[in-house]
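User: I am new to reading protein models. Please take a close look at the part where the two chains meet, and then show me what surrounds it.

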2 protein chains.
Amino acid sequence: MSYTPRERMVYGAMQLLRARGATGTGVRDVVAYAKAPRGSFQHYFPGGKDQLVSEAVLWAADFAAERVRSYRRSARNPTPSGLFAHMARQWKQDFTERGYARGCPIMAAAADLVGTDSPVTAELRSGIGRWEATVADELSAMDVPPRRAKRLATLMISTLEGAIMSARLHGDVGPLTTVVAELGPLLDS
Amino acid sequence: MSYTPRERMVYGAMQLLRARGATGTGVRDVVAYAKAPRGSFQHYFPGGKDQLVSEAVLWAADFAAERVRSYRRSARNPTPSGLFAHMARQWKQDFTERGYARGCPIMAAAADLVGTDSPVTAELRSGIGRWEATVADELSAMDVPPRRAKRLATLMISTLEGAIMSARLHGDVGPLTTVVAELGPLLDS
C-alpha cells in the first residue's frame, strides 16, 4: 500500500502526538516525518495545525473502533471480557514490541487541549463518542442490554485509557494485564 | 495560611499543567500566576522547569494520597467501594464547581513527557507509585488481602484516570458516576 503525502501527514501527526503531546508536535516535524514536500502543508491543511490534529485524532478513534469491531469477526465465542482483552492486547503488543514512548493519541490531545479554547476539543469528543458507541454496539450484539452496554463501554474505555497511562509510567504492561483480569468477571456477569 | 513564593510557584505549575499540559506551561506563566518576583525562579529552582514540574507532580501525588487516607478517618463503615466513590467525588465536585478545563496533573505530565527523555518521568513514576501504595495500604486496612489490594489499587487508579479524561471530553461528570456504580460491587466482593 502506498499513501499520499496528505495521509502520511495525518498518520505522522498521530504518531508524534502520541509521544510528545499535541503542544510538543510541530507542523515542521510532521512534514519531515511524512517526507512530504515542504510548503505542501498549507495546501493540504488550510485550517493549519488544528485541522491536522483534528484529523489525526479522528483517524485514531476510527482505528480504535475498527479494532473493536474486528474482535467479533475473529472470536469463536465472543464475550464482553474477550472484547476487553482484545482491546488491551493491542496495547500490550505495541508496548512490548516498540517500547513505552507512544501512548494513546486521544489522551495526548485531550491532556493538552481540553483546558484551552482549541477547536480540536469538539473533534476529540466526537472521536471518543464514536469509539464508545462502537463498543456499546458490539456488546449489544453479544446480548448485553443496551443501557448496560453503554455503561460498560464507558467503564471499559476509561479503564483501558488509565491502564495505558499507568503502563507507560511504570514501563511495564502489568497494569493492562491486571485490569483485564479484574474486570473480566464483571463484564461477563 | 500564607504561602511562600516558592510554594506558590509549585502550586501554580501544577494548576497550569492541568489545563495546558506540561509542554504548554511556561516558566514565565508560572511566575506570573504565583505573583512571584521576576528573577526569583532561578534562585528557587536551579534545576529549571524540570525541577519545577517534578515538584508539582509529586505535590499532586501526595495530595491524592492524602485524599485517599482521609477517607477511612471520616467514614463510619469504610469499604473499598466507599473509598473509590470518595476518590471520584473530589473530581466530580471540582468539575461541577470549576468546569472541565483542569484535569489530572499526573496524566497531563505523563502525556507530554513519558515519550521524551525528560527526567520528570522518574518523578512521575515515583508519584503514581506512592499514590497506588497508599490505596493498597488503605484497602489492606479494610481487610483486603495484600496481593488483591495491590491489584485493586491498580484498577481503581486506572479507571479513575480514564474517567477523568472522559468526563473532561464530554464536559459531563457522567463517566465518573458510571464507573463508581459499576466497579463498586467488584471492589467489595
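**Where the two chains touch**

The contact draws 41 residues from chain B and 41 residues from chain A. Keep in mind that this is a predicted model. Take the chain B side of the contact. Five helices of chain B each give at least two residues to the side that touches chain A: H1 (5-20), H6 (105-113), H7 (120-141), H8 (146-170) and H9 (174-188). The largest share comes from H8(B), with 15 residues. Sorted by class, the chain B side that touches chain A has 19 nonpolar, 13 polar and nine charged residues.

How many of its 25 residues are buried? The count is 20, so H8(B) is mostly covered, given that a residue is buried when 20 or more other C-beta atoms lie within 10 Å of its own. Next, check its length. H8(B) has 25 residues, and at 1.5 Å a residue they should span 36 Å. The end C-alpha atoms of H8(B) are 36 Å apart, which agrees. After H8(B) comes B:Gly171, with a positive phi near 60°.

Now bring in the partner helix from the other chain. The axes of H8(A), residues 146-170 of chain A, and H8(B) come within 6 Å. They cross at roughly 110°. Angles of 65 to 115 degrees count as roughly perpendicular, and H8(A) and H8(B) are therefore roughly perpendicular to each other. Which residues meet at this crossing? From H8(A), they include A:Thr154, A:Ile157, A:Ser158, A:Glu161, A:Gly162 and A:Met165. From H8(B), they include B:Thr154, B:Ile157, B:Ser158, B:Glu161, B:Gly162 and B:Met165. An α-helix has 3.6 residues a turn, so residues three or four places apart point the same way.

Step back one helix, to H7(B). Its 22 residues should span 32 Å at 1.5 Å a residue, and its end C-alpha atoms are 32 Å apart, which agrees. Among the buried residues of H7(B) are B:Leu124, B:Ile128, B:Trp131, B:Val135 and B:Leu139. Charged names turn up there too: B:Glu123, B:Glu132 and B:Glu138 are also buried. What covers the buried residues of H7(B)? The cover includes H8 of chain A, along with H4 (48-74), H5 (80-98), H6 and H8 of chain B. So H8(A) from the other chain is part of that cover. Just after H7(B), B:Asp143 takes a positive phi of about 75°.

H4(B) and H7(B) pack at an angle of about 5°, and their axes are 9 Å apart. That makes H4(B) roughly parallel to H7(B), since angles under 35 degrees count as roughly parallel. Their contact has 14 nonpolar, three polar and seven charged residues.

B:Leu176 lies in helix H9 of chain B. Is B:Leu176 buried or exposed? With 25 other C-beta atoms within 10 Å, B:Leu176 is buried. Leaving aside neighbours within four places in sequence, B:Leu176 is in contact with B:Ala88, B:Trp91, B:Lys92, B:Ala163 and B:Ala167. B:Ala163 is also one of the H8(B) residues that meet H8(A).

For contrast, turn to a loop. B:Lys35 lies in the loop between helix H2 (27-33) and helix H3 (40-44) of chain B. B:Lys35 has 10 C-beta neighbours inside 10 Å, so it counts as exposed. Its phi is positive, about 50°, although it is not a glycine. In chain A, A:Lys35 is found in the loop between H2 (27-33) and H3 (40-44). A:Lys35 counts as exposed, with 10 C-beta neighbours inside 10 Å. The phi of A:Lys35 is positive too, near 50°.

Last, see one whole chain. Chain A has nine helices and zero strands. Its radius of gyration is 17 Å, close to the 16 Å that the globule rule gives for 189 residues, so chain A is as compact as a globular protein of that length. Its C-alpha atoms fill a box of roughly 55 × 40 × 35 Å along the principal axes. Buried residues make up 50% of its 189 residues. Of the chain A contacts with a separation of 6 or more, 68% join residues 24 or more positions apart.

Conventions
Residues are numbered from 1 along each chain as its sequence is written. Chains are lettered from A and ligands numbered from 1 in the order in which they are written. This is a predicted model: local features need pLDDT of at least 70, side-chain atom pairs count only at pLDDT 80 or more; totals for chains, interfaces and linings use all residues. Helices (H or I, at least four residues) and strands (E, at least two) are DSSP runs, numbered from the N terminus. A residue is buried if 20 or more other C-beta atoms lie within 10 Å of its own, exposed if 12 or fewer, and partly exposed in between; C-beta atoms are placed from the backbone. Two residues are in contact if their C-beta atoms, placed from the backbone, lie within 7 Å. The expected span of a helix is 1.5 Å times one less than its number of residues. Axes are lines fitted to C-alpha atoms, for helices over the stretch in contact, and angles run from 0 to 180 degrees between N-to-C directions. Angles under 35 degrees count as roughly parallel, over 145 as roughly antiparallel, 65 to 115 as roughly perpendicular and the rest as oblique. The radius of gyration is taken over C-alpha atoms; the globule rule is 2.2 Å times the number of residues to the power 0.38.
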